[in-house]
Amino acid sequence: MPVSSAVRDRCRTLLGEQGEIRYIFPALSLGPQGTASLGPQGTANFLIVVTDKAISVLATRMLRSDRPVAVHATFPRHTRLGPIMQASGPVIELGVMAFEFEEEYAAVVAAADAEIFAPETLPPDPLPDL
C-alpha cells in the first residue's frame, strides 16, 4: 500500500530542498546476515525516501513509523537499492545497513533502480499531468 499524503508531506518537510520525492517505502533495520540490531527485538523503523537528487533514510518515532524525525543517512541518487535479497522477507542493503520491507514494495525498489539504471524499461507515465 502506498504511503499516505500526510507521510509524504512529513518527509518533504524534513528533507527540505533535497529534490522532488519520487518513491517512499517503510523498512525495518537489520544487522549483519539478517540478525536484528536495534531497538525492541532488534529492529528500528525507517522510511526510505528516493528523490530526484538523493536517497535518504529517515528515522521514525519508536511507536509511530509514519512520523519521520531525523535524517539517518543520505546517499547519492545514483546509488543502487537492489538487488533484493530474500530472508524472512525482501531485504536491501544501503551502506552498512540492511533493511527489510514488505513484499508489496519490491516493485518500488525495482522502479527506483530502473529509473536511473535502465530508464528505457519503464512504462510511460499514464497520468503525466498529475
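Reader: How many bridges join strand β1 to β2?

Author: The model is a predicted one. In it, strand β1 covers residues 21–30 and runs antiparallel to β2. The number of bridges that join β1 to β2 is seven.

Reader: Which strands are the edge strands of the sheet?

Author: The chain has two helices and seven strands. An open sheet of seven strands has the order β4-β3-β2-β1-β7-β6-β5, and its pairing is antiparallel. An edge strand in this sheet pairs on one side only, which identifies β4 and β5.

Reader: What pattern does the chain follow when read along the sequence?

Author: Helix α1 is formed by residues 5–15, and helix α2 by residues 106–117. Strand β1 is formed by residues 21–30, and strand β7 by residues 97–100. Read along the sequence, the elements follow the pattern α-β-β-β-β-β-β-β-α.

Reader: At about what angle does helix α2 run to β1?

Author: Both helices lie across strands. Helix α1 lies across β1, β2, β3 (54–60) and β4, and its angle to β4 is about 70°. Helix α2 lies across β1, β2 and β6 (90–94), and its angle to β1 is about 125°.

Reader: Which residue in the turn between β6 and β7 has a positive phi?

Author: Most residues other than glycine have a negative phi. Strands β6 and β7 form a hairpin with two residues between them. A positive phi of about 60° is found in that turn at G95.

Reader: Are the rings of F46 and F99 stacked or edge-to-face?

Author: A pair of aromatic rings is described by the distance of the centres and the angle of the planes. The centres of the F46 and F99 rings lie 5.6 Å apart, which is within the 6.5 Å limit for a pair. Their planes stand at 80°, and an angle over 60 degrees counts as edge-to-face. The pair is therefore edge-to-face.

Reader: How many residues apart are F46 and F99?

Author: This pair links distant parts of the chain. F46 belongs to strand β2 (residues 45–51), and F99 belongs to strand β7 (residues 97–100).

Reader: Is F99 buried or exposed?

Author: A residue counts as buried under 20% relative accessible area. F46 has 4%, so F46 is buried. Both faces of β7 are covered, with M97 and F99 on one side and A98 and E100 on the other. F99 has a relative accessible area of 0%, and therefore F99 is buried.

Reader: What distance separates the C-alpha atoms of L81 and L94?

Author: L81 is found in the loop between β4 and β5, yet counts as buried at 1% relative accessibility. Among the residues that L81 touches are F25, V50, I92, L94 and V109. L81 and L94 are 13 residues apart along the chain, and their C-alpha atoms are separated by 6.8 Å.

Reader: Which two residues does a cis peptide bond join?

Author: Most peptide bonds are trans. The loop between β4 (68–76) and β5 (85–86) contains P83. A cis peptide bond, with omega about 5°, joins G82 and P83.

Reader: The charged end of R80 sits over the ring of which residue?

Author: A charge may sit over a ring if CZ of Arg is within 6 Å of the ring centre and within 35 degrees of the ring normal. The charged end of R80 is 3.8 Å from the centre of such a ring. The ring belongs to F117.

How values were computed: Residues are numbered from 1 along each chain as its sequence is written. This is a predicted model: local features need pLDDT of at least 70, side-chain atom pairs count only at pLDDT 80 or more; totals for chains, interfaces and linings use all residues. Side-chain values use heavy atoms; hydrogens and water are left out. Rings of Phe, Tyr and Trp (its six-membered ring) pair if their centres lie within 6.5 Å; planes under 30 degrees apart count as stacked, over 60 as edge-to-face and the rest as tilted. Helices (H or I, at least four residues) and strands (E, at least two) are DSSP runs, numbered from the N terminus. Buried means under 20% relative accessible area, exposed over 50%, partly exposed in between (1.4 Å probe, protein chains only). Two strands pair if DSSP finds at least two bridges between them. Contact means heavy atoms within 4.5 Å. Axes are lines fitted to C-alpha atoms, for helices over the stretch in contact, and angles run from 0 to 180 degrees between N-to-C directions. Lists of a residue's contacts leave out its neighbours within four places in sequence.
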